[in-house]
Amino acid sequence: MAQIRVENLRKQFGDFAAVEDSTFTVQDGEFLALLGPSGCGKTTTLRMIAGLELPTSGKILLDGEDVTFNRASARDIAFVFQLFALYPHMNVRKNIGFPLLSQGVPKEEIKKRVEETARLLQISHILDRSVSGLAGGDRQRVALGRAIVRRPKCFLMDEPLGTLDAEFREVMVHELRELHNRIHATTVYVTHDQHEAMAMADKIAVMNHGVIEQYGTPQEIYARPVSMYVADFIGSPPMNFLRFKSGLENGATTVELGNVPVRVPQVYAAHEPGELALGVRPEHVRFSDAAPLRGAVYGSEYLGTNQIVSVETAQGLVKARVPANRNFTIGENVGLELNSDKLSLFDCGSGKAIPSSLYAEVNHG
Amino acid sequence: MSSATSAHSVVEPSATTKRIAGIIVVLYAVITMVPLAWIFMTSFKSPPDSISYPPKVVFTPTLEGYCNLFTTRTRQTPEYIQSLGPPQSICDEITRSRNMVIAGPSNYWPRFTNSMVIAFGSTFLAVFLGTLAAYGFSRFRVPLADDLMFFILSTRMMPPIAVAIPIYLMYRELGLSDTALGMILLYTAVNVSLAVWLLKGFIDEIPREYEEAAMIDGYTRLQAFRKVVLPQATTGIAATAIFCLIFAWNEYAFAVLLTSGSAQTSPPFIPTIIGEGGMDWPAVAAGTTIFLVPILVFTILLRKQLLRGITFGAVRK
């Protein structure tokens, strides 16, 4: 297994920059999710690491060795494709053994290792079946088998669960993470699905327009998003933004929403007057009759253990995740209390988070 | 439209439609088969039977046509024929009954062999070059790819006879006239455009991920092409090969102009059989029947691929 280091990686297709100046490191044995909407450059980044695309500029290092311009076949990495790309003219056994064949592994050894891999993935019973008749989950496992049989330096996966139905995807998320825990393979996993990323990854890189907006653990990214884009992309429902106009002094601990003062984590940098947004996760909003921040109930979604209540305030719509046991009537006037320790402040112009005590230890990209 | 009372399907044609379609197909098959059946029957007729009017459908089969096809004969006096020993073969016997003796083998087999060498040689070359070119066009960013593809196709747009004279002159200068190599090159040039176009369609349908997966799995692009792309392109390759072979096998215009002796193919040779001693239709029919065999065998062997080839992969599962 290996460490992957990407330095100032850039990929240009004509006038369009698919990936701009990405730098990150995946430590040995770590599971990194590249997360972002389609067209954000995550797949291009992955394909460059694999050697299926050549970067316009920048470097890719595997275990410190510069492989930027090495052939894909010379990199000793495995890639799981979105549509699995199982060779249709070979059966399961041959598919899994195919990477070993290229390395000149003796037949007996191939047989042994294919069977070992099949046991690990619990697909021993389908080894001699044709791949065309397999169900989605089994195809997925065969694709994984083909990836792990060679014990490569790292795994690259391009939305491998994208074509599975929702119910089965959950099972596979679990299986993939379990597999990772067992073999500790350095993994880069591309997905547009935040749940997959949050559930599996040790680190997440949120990408947008070819740029890595934030790189960090799922907890960091969720609790301390460095931009409104990340705050909005992660979490369902996403973070609420209460927009207001104000300036900030260095060391400020309150902001004025309309005329209502709200306590926030200590601000570390003065900010020119302008449009700001107070970011709050739905679970950090509570209902309190006496609270001075008021709004009218706009609607609610019942989710079983809790409910999402939307409240129209002067600063915008706020969604609150609250226990399911209280009924709200639409139009009802309610008071909102925000959890002061968990609030983020953003500059609406740049979309960036304003440094505060909450962000003290965040790695910015 | 009472879907409740009868199991009437919207997509399945009804039984009546199917029956009518079946009758049309059978009729069409019969119509196309009649000339072939006629040629086959004529090849077993005696020369008088072959030109009798009204045409004979019931006749006594004879191998005379085939004997005449494979031999050259000279007329002899009955006394001379009597003086010969017993006939060596059935052909000997038939020939003597016409007051002739076999003088030697005809040129049919050498011409047939020429056809085989030239048709299969040019088909192999056209498909080989076509597959590589089609793969290149399909997978790489080729500058002016669309223009090049059109240019390749445009070689098929004029009738072959329009370029026959310049090619004849060129070949005379180059010493390629009446050589198998010259004919192979010519048919390859004509067929390669068809091969590139057909095969590009087939290769476009093979997802790139397969090769990418193979390259990740440690194979070079060429190995990936051979081990992953080729096996999946077999259908397209087989279909293309049949089309190329049929063209090269049946081609007449270039063959009659550019070959006369050692490299002559069957199509220009078969009509010349008529000239040897009257209208020998059974021999011509026999020559045509044998001429049909290789293409028939090849087509039957690859008929599944041909069917998919004609529909251009539209019936992909």
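This is a predicted model: local features need pLDDT of at least 70, side-chain atom pairs count only at pLDDT 80 or more; totals for chains, interfaces and linings use all residues.

Reply: In chain A, 38 Å separate the centres of domain 1 and domain 2, taken over C-alpha atoms. Domain 1 covers residues 4-223 and domain 2 covers 237-359. The C-alpha trace of chain A spans about 75 × 45 × 35 Å along its principal axes. Eight helices and 20 strands are found in chain A, and 43% of its 365 residues are buried. Look at contacts in chain A between residues at least 6 apart in sequence, and 65% of them join residues at least 24 apart.

Now for the helix pair. Helix α2 of chain A takes in residues 92-102, and helix α4 of chain A takes in residues 136-148. Their axes come within 7 Å and cross at roughly 30°. Since angles under 35 degrees count as roughly parallel, that makes α2(A) roughly parallel to α4(A). As for handedness, the α2(A)/α4(A) crossing is right-handed.

Who touches whom? On the α2(A) side you'll find Val92(A), Asn95(A), Ile96(A), Phe98(A) and Pro99(A). Facing them from α4(A) are Val142(A), Gly145(A) and Arg146(A). By class, this α2(A)–α4(A) contact has five nonpolar residues, two polar ones and one charged.

Helix α2 of chain A also turns up where the chains meet. There, 17 residues of chain A are in contact with 14 residues of chain B. On the chain A side, β6 (77-80) and α2 each supply at least two residues. The residues on that side of chain A divide into 13 nonpolar, four polar and no charged.

Helix α1 (residues 15-42) and helix α14 (residues 281-301) of chain B have axes that come within 7 Å and cross at roughly 120°. That angle makes α1(B) oblique to α14(B), and their crossing is left-handed. From α1(B), the contact uses Ile39(B), Phe40(B) and Thr42(B). From α14(B), the partners are Trp281(B), Pro282(B), Ala285(B), Thr288(B) and Thr289(B). Sorted by class, the contact between α1(B) and α14(B) has five nonpolar, three polar and no charged residues.

So, back to your spot: α2(A) meets α4(A) through residues such as Phe98(A) and Val142(A), and α2 of chain A also supplies at least two residues to the side that touches chain B.

Notes. Residues are numbered from 1 along each chain as its sequence is written. Chains are lettered from A and ligands numbered from 1 in the order in which they are written. Axes are lines fitted to C-alpha atoms, for helices over the stretch in contact, and angles run from 0 to 180 degrees between N-to-C directions. Helices (H or I, at least four residues) and strands (E, at least two) are DSSP runs, numbered from the N terminus. Angles under 35 degrees count as roughly parallel, over 145 as roughly antiparallel, 65 to 115 as roughly perpendicular and the rest as oblique. A crossing is left-handed if the near helix is turned anticlockwise from the far one by less than a right angle, and right-handed if clockwise. Two residues are in contact if their C-beta atoms, placed from the backbone, lie within 7 Å. Ala, Val, Leu, Ile, Met, Phe, Trp, Tyr, Cys and Pro count as nonpolar, Asp, Glu, Lys and Arg as charged, and the others, Gly among them, as polar. Domain bounds come from an automatic or database domain assignment. A residue is buried if 20 or more other C-beta atoms lie within 10 Å of its own, exposed if 12 or fewer, and partly exposed in between; C-beta atoms are placed from the backbone.
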